[in-house]
Amino acid sequence: MTELLLYLYAESPVHAGAADSLGVLDLPVQREATTRYPVIWGQSLKGALRQVAQDAGLEDLVVPVFGGSSEDGETELSAGRLTVGDAQLVAMPVPTLQRTFAWATSELALFRLVRKYARLGVTGLPQPPRLAPEAGAAASEAWIGSGRATRSEVLGPCLVELGIAPDPQLRRWAAQLATDVLGDAGSQASAPLAPLGGKLRDDLLAVGSDVMPMLLAECTEFVARVQLKEGKTVEHGPFHSEYLPTESILAASLTLRPMPAEGSLKTEDVIEFLLDLLHNKLIQVGGDETIGKGLVWARLLRADDVRAVAPEIADESTGVGQ
Amino acid sequence: MTGGRRWLALTPRDTLLVRDGRQFDAGEDAANQPVQPSPSTVGGAIFSAFGGVKGAEPDEIRGPVLARRHRGGWWTSYFPAPADLVRSDNDHSRVMRLRPTGSSAVTDLGGECALPLVGEGDPLGGWLTGDTLGAYLRGELVTPEQPHRSMTDLEIAFVRDDPDTDPGPLVQELRVGLSRTPTRVVQEGMLYQATYLRPVEGVALLAECVLPTTWQREAVGPVALGGRGRLADVAEVDGVSWPHPPTDYPGGRVLVYVATPAIWPGGWQIRVPGARLVAAAVGPPEPIATASPRSKGGVRATRALRWAVPAGSVYLLQFDSADAAMAWAVGDSGRLGVHGTAYGRPADDRLRTAGFGVILTGVWS
């Protein structure tokens, strides 16, 4: 088995649609049944990745990796070698009264990320910060220390105390995410998202278990749409769609079973193909494709591509302690 | 990993899709229903974790047992609430136990099950921790002197009073799928929905593996657990065991608690040589679909549907003496007892070695 970690960074609002309407919301996004965290189901993500491979003309890759489909009536149904896990939320942008927005994450989201890294064999990552249910923590001085003993910040609809000092573990996580999601390490300076690294290092906030569900419910985007007749009057609607906002960060575990020894396609070849398709590439997931939704920057990481970002590097990057 | 008994944990990475035995095909059916993972589902995954080599299999796999991992790395195991525990009609916070009681009522059971279990209340549902179930088996949970216990005392987890606030350890998650044509439009008639199970954070499925003394294989993950290629991580765990049996069985009375779905030769009835079935509280039959993708003909040729006694069912047995009860339940000098083992099928039966019919013994009065 080859383990891979796929990061998705939303370039435009993402609508991976759920099964049912929710109250006045006609088209909600997919959410986990237990936590109500937004998610992109593995089946949805796998379909999107398959489409990327098809669009690239890699037909020889599609069936062995993603499985045979019956849609053309000719290909035999078969299981693909690639297992695609759910894309789970790592951090979501929330509106703030300074610095425009910050990324909100949680102990739960970071614990899940720790497990994804563990599957790659990456150790030495910090533990997620432990927070009281109503509390918060910040990765940098930018959110702390305006002369007051404690400071509260408006995050979406919530007022959250962020403590009296940056959380050192969260600071390391901000550096880790900036490196792995945005590719802002020295060798990755050409990555398309690298300029955002400085903001992510400063503006990552962790919130407690009472705050995060509220942010994840209130800070998604709600859009009312209508369908017009030829005469420009409303035929259907309005109907309301929910979107994961631009700048959301998600992560999924991908697992590749070894390719058959007798086949011409080797496991290493498939990994290289997948990297060509998905590393630092803009792909489309979810619905409303033709109105520009669901564009995400993908970064596909192998075990060798990842290392725990040392705390001193994180400190140097943020200027803390200098 | 060497021989002996080892516990393995299968922790789903995200969701599970485990279905009952009914056929389901996208485009032909609109929906399917999930079921709790059965012993055969978990047994197949563990077989894969050990390499999936035919002939190199554990002697037995006993499980699954639902468990939750705590932050310190230790586990709490959970078992379905015994079927003879009910919640008072008048006060749902109080738990009572049905009692075997003589009655003039006539049933179609004949003399097979002499006494009805009597009491008023609604099925308890939910899950007991292993420690609480141990107290139940020892007769310490609900006693004649203390016939009512509060839900808080019992530390009952995942009770479905309100599905929104406590929907259980494996929460149903409805997913809709569709199929697209090469021109990126939805294929007509290919809209379907499936209900996945999402474990609450930290919840895993545990199973005890009985390994040959010469065993040298390591369990390696991830493995596919259930359908749709959903993966679970695999780990060996320490500090987990079946609830301990009582130290004696006064009057030769033995309570049998069914810890995993059981497929008895006698249908719903358990047959124990030397013992008489006095009473039983058995839940609704549970469909168990099995299939062997590795066997000749694959899944379609080997699948079978059986009906199982659900976990949580309870039988009250009467032996001739306390010694006979003790020997059967926990063994004597020459023979192992049945407590914590699969019961009711031949030693090499695949349903037994996969973990169907694991029972725990206790006392009743």
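How many residues of chain B are in contact with chain A, and how many residues of chain A take part?

Reply: The model is a predicted one, and what follows rests on values computed from it. In the contact region between the chains, 26 residues of chain B are in contact with 30 residues of chain A.

The size of an interface is often given as the accessible area lost when the parts come together. Here chain B and chain A bury about 2400 Å² between them, and carbon and sulfur atoms account for 41% of that buried area.

Charged pairs also span the two chains. One salt bridge joins Arg198(B) to Asp86(A), with the closest N and O atoms 2.9 Å apart. Both of these residues also belong to a network of salt bridges. From chain A, the network takes in Glu32(A), Asp86(A), Arg112(A) and Arg115(A). From chain B, it takes in Asp14(B), Glu173(B), Arg175(B), Arg198(B), Glu201(B) and Arg230(B).

Other salt bridges lie within a single chain. In chain A, the side chains of Arg31(A) and Glu242(A) meet at 2.8 Å, N to O. This pair links distant parts of the chain, its members being 211 residues apart: Arg31(A) is in the loop between β1 (2-10) and β2 (39-40) of chain A, and Glu242(A) is in strand β11 (residues 234-243). Both Arg31(A) and Glu242(A) are buried. Asp305(A) and Arg302(A) form another salt bridge, at 3.2 Å from N to O. Asp305(A) counts as partly exposed because its relative accessibility is 34%, and Arg302(A) is likewise partly exposed, with a relative accessible area of 28%.

Chain B supplies a further example, in which the side chains of Arg350(B) and Glu57(B) form a salt bridge of 2.9 Å, N to O. Arg350(B) lies in helix α6 (residues 350-353) of chain B and Glu57(B) in the loop between α1 (39-49) and β2 (60-69), so the pair ties together parts that are 293 residues apart in sequence. Arg350(B) is exposed, with a relative accessible area of 58%, whereas Glu57(B) is partly exposed, at 23%.

Chain B also contains an open sheet of four strands, in the order β8-β4-β5-β10 and with antiparallel pairing. Strands β8 (122-123) and β10 (149-150) stand at its edges; each has a single partner strand, so one side of each is left without a neighbour in the sheet. Strand β5 (residues 94-97) and β10(B) run antiparallel and are joined by two bridges. Within this pairing, Val95(B) has Arg149(B) in β10(B) as its bridge partner.

As for chain A as a whole, its secondary structure comprises eight helices and 14 strands. Of its 322 residues, 51% count as buried. Among contacts in chain A with a separation of 6 or more, 68% are between residues 24 or more positions apart. Chain A exposes about 13600 Å², and carbon and sulfur atoms supply 51% of that area.

Finally, the cysteines form no covalent links of this kind: the count of disulfides over all chains is zero. The sulfur of Cys158(A) is 7.3 Å from the closest cysteine sulfur, that of Cys219(A), which is too far for a bond. Cys158(A) is buried, at 9% relative accessibility, and Cys209(B) is buried too, with a relative accessible area of 0%.

How values were computed:
Residues are numbered from 1 along each chain as its sequence is written. Chains are lettered from A and ligands numbered from 1 in the order in which they are written. This is a predicted model: local features need pLDDT of at least 70, side-chain atom pairs count only at pLDDT 80 or more; totals for chains, interfaces and linings use all residues. Side-chain values use heavy atoms; hydrogens and water are left out. A disulfide is a pair of cysteine sulfur atoms within 2.5 Å. Buried means under 20% relative accessible area, exposed over 50%, partly exposed in between (1.4 Å probe, protein chains only). Contact means heavy atoms within 4.5 Å. Accessible areas come from the Shrake-Rupley method with a 1.4 Å probe; for residues, only the protein chains shown count as cover. Two strands pair if DSSP finds at least two bridges between them. Buried area is the accessible area (1.4 Å probe) that two parts lose on being put together, summed over both. A salt bridge is a side-chain nitrogen of Lys or Arg within 4 Å of a carboxyl oxygen of Asp or Glu.
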